[in-house]
Amino acid sequence: MRIPGTLALPSASGGEREGAALHRLGEDRALGREDRPREPLLPASDSGLLSAAAILTGIGIVMVYSITAPLSPGSPVPVFFVRHLEGVAAGIVCAVVAFRLPLATWRRIALPAWAISVVLLVLTHAIGVRTNGAQRWLAIPGTGVTFQPVELAKLATLLVVAQLLARHEGPSAFRLRNLVPPLAVALVPAALLVLQPDMGSAVVLLALTAALLFAAGAPLRFFALPALVLALGVTAYVTTHSYAGARITSFLRPWETSGREGYQLVQSFVAFGRGHVLGVGVGAGSQKLAYLPEAHTDFVLAGVAEELGLVGVLVVLGGFAALLLGGMRIARRARDRYSLLVAFAATLLLTFPAAINAAVVMGLLPTKGLAMPFLSYGRSATLACFLALGLLLGIARREAAPQRPTIAGAERRGLLQP
């Protein structure tokens, strides 16, 4: 058929039309002009997880500034606040890198990272910086910067354990010969942590490993004997180390020991009491003025309670609840066993320390020097949190992304039919 006023074109055969369509599809793919909507950077269902992390990070920045400003009376910008901003900026860069890295790359670097963390823990025991009776930090020569290898050790250990557990499925996965490697991977850094001494971090690492085993399908009876051994070990440690016994005493009788080991917990209670519902206002808190030790690190939630009140505490706890639910949702839709376990591990790294920290600050658990993710001052913990967040969001994007169309796929869908 010829349209008046136009040139008559020869009719193309079916083969020619298919060839032209193939050529156009190949050209569009080469130029990035495929006839499909651009994939979002992150699935809409997971945007709440990123928003929760952003809110928690913002609250942390505000609280670190408010709490540390009195520590630098002659400086317009608190030193600790600047360092915290540096940690957050570096953490965001780490999160972007972790988000972009393929999961296969994480699988390749997990074991070397674990080995490096073990070496660093050994060096910490040998030449580490001692603070408050514990030798948990390493100094970077010539910079004045210190870091805690335990943060790298936790992430690397869980990645290796996830990799080992992903190799086996079904009842055979929990036979002794299959369980020895993942348990050894967790016990080596845990033993080194006890030597620092850092019994709390060792227990947290073993608890995270146990949770990963449970997610992999281990029956509950499997945990009976290890739990008994761990309980006996903790009891023996507390009875042989005076500082650990003092923490138990301060937990059981904080008011009776308010002038000694119970002082920090009682001051945390005072901060919660002063905050009421809406708080006294940002910057108006008094507990940070040499009353509450470690107010910008381990007890930052007490500062939130005093200055932002019950509402601020609920926002913080709600943010971590959103992280937990979002992470579990990502793990549930994982397409393979390894992705599921890694997503679960990353979620635990973001939320389990927060639950422990909140319980300690509220007097529900004995005092333990564990940072509140995204809120506490501390560059090592901040970098580890953002790495786990980027890893989790990367899994979310890959698991939700549809398969990219190919020329063969286009033919199967009838897109190249004459």
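How many aromatic pairs does the structure hold? The structure, which is a predicted model, holds five aromatic pairs, and two of them are described in the legends below.

**View 1. The aromatic pair formed by Tyr65 and Phe81.** In this predicted model, the ring centres of Tyr65 and Phe81 are 4.9 Å apart and the ring planes meet at 75 degrees, so the pair is classed as edge-to-face, a label that applies to planes over 60 degrees apart. Tyr65 belongs to helix 2 (residues 47-68) whereas Phe81 belongs to helix 3 (residues 79-100), so the pair ties together parts that are 16 residues apart in sequence. The two partners can also be described by their accessibility: Tyr65, at 38% relative accessibility, counts as partly exposed, while Phe81, with a relative accessible area of 12%, is buried.

**View 2. The aromatic pair formed by Phe374 and Phe386.** Here the ring centres lie 5.4 Å apart and the planes of Phe374 and Phe386 stand at 90 degrees, so this pair too is edge-to-face. Phe374 is placed in the loop between helix 12 (337-361) and helix 13 (379-400), and Phe386 in helix 13 itself, so that the pair links distant parts of the chain, 12 residues apart. Both Phe374 and Phe386 are buried.

**View 3. Arginine side chains over aromatic rings.** The charged end of Arg83 sits over the ring of Phe80, at 5.7 Å from the centre of that ring.

View 4. Three strands, in the order 1-2-3, make up an open sheet with antiparallel pairing. Strand 1 (129-131) and strand 3 (145-147) stand at the edges with a single partner strand each, so one side of each is left without a neighbour in the sheet. Strand 1 and strand 2 (residues 134-140) run antiparallel and are joined by three bridges; within strand 2, Trp137 is the bridge partner of Val129. Helix 4 (residues 103-127) packs on the sheet and touches strand 1, strand 2 and strand 3, with its direction at about 105 degrees to that of strand 2.

**View 5. The surroundings of Ser376.** Ser376 is located in the loop between helix 12 and helix 13, and at 3% relative accessibility this residue counts as buried. A polar atom of the Ser376 side chain lies 2.5 Å from the backbone oxygen of Thr297, and the side chain of Ser376 also reaches the backbone nitrogen of Met372, at 2.8 Å. When neighbours within four places in sequence are left aside, the residues in contact with Ser376 are His84, His296, Thr297, Val300, Ala371 and Thr382.

**View 6. Gly91 and the residues that it touches.** Gly91 is part of helix 3 and is buried, its relative accessible area being 0%. Not counting residues up to four places away in sequence, Gly91 touches Leu383 and Phe386, the latter being a member of the edge-to-face pair with Phe374. The C-alpha atoms of Gly91 and Ser380 are separated by 9.3 Å, although these two residues are 289 residues apart along the chain.

Technical notes. Residues are numbered from 1 along each chain as its sequence is written. This is a predicted model: local features need pLDDT of at least 70, side-chain atom pairs count only at pLDDT 80 or more; totals for chains, interfaces and linings use all residues. Side-chain values use heavy atoms; hydrogens and water are left out. Rings of Phe, Tyr and Trp (its six-membered ring) pair if their centres lie within 6.5 Å; planes under 30 degrees apart count as stacked, over 60 as edge-to-face and the rest as tilted. Helices (H or I, at least four residues) and strands (E, at least two) are DSSP runs, numbered from the N terminus. Buried means under 20% relative accessible area, exposed over 50%, partly exposed in between (1.4 Å probe, protein chains only). A charge sits over a ring if NZ of Lys or CZ of Arg is within 6 Å of the ring centre and within 35 degrees of the ring normal. Two strands pair if DSSP finds at least two bridges between them. Contact means heavy atoms within 4.5 Å. Axes are lines fitted to C-alpha atoms, for helices over the stretch in contact, and angles run from 0 to 180 degrees between N-to-C directions. A polar contact is a pair of N or O atoms within 3.5 Å; within protein, one must be able to donate a hydrogen and the other to accept it, and residues adjacent in sequence count only if both atoms are side-chain atoms.
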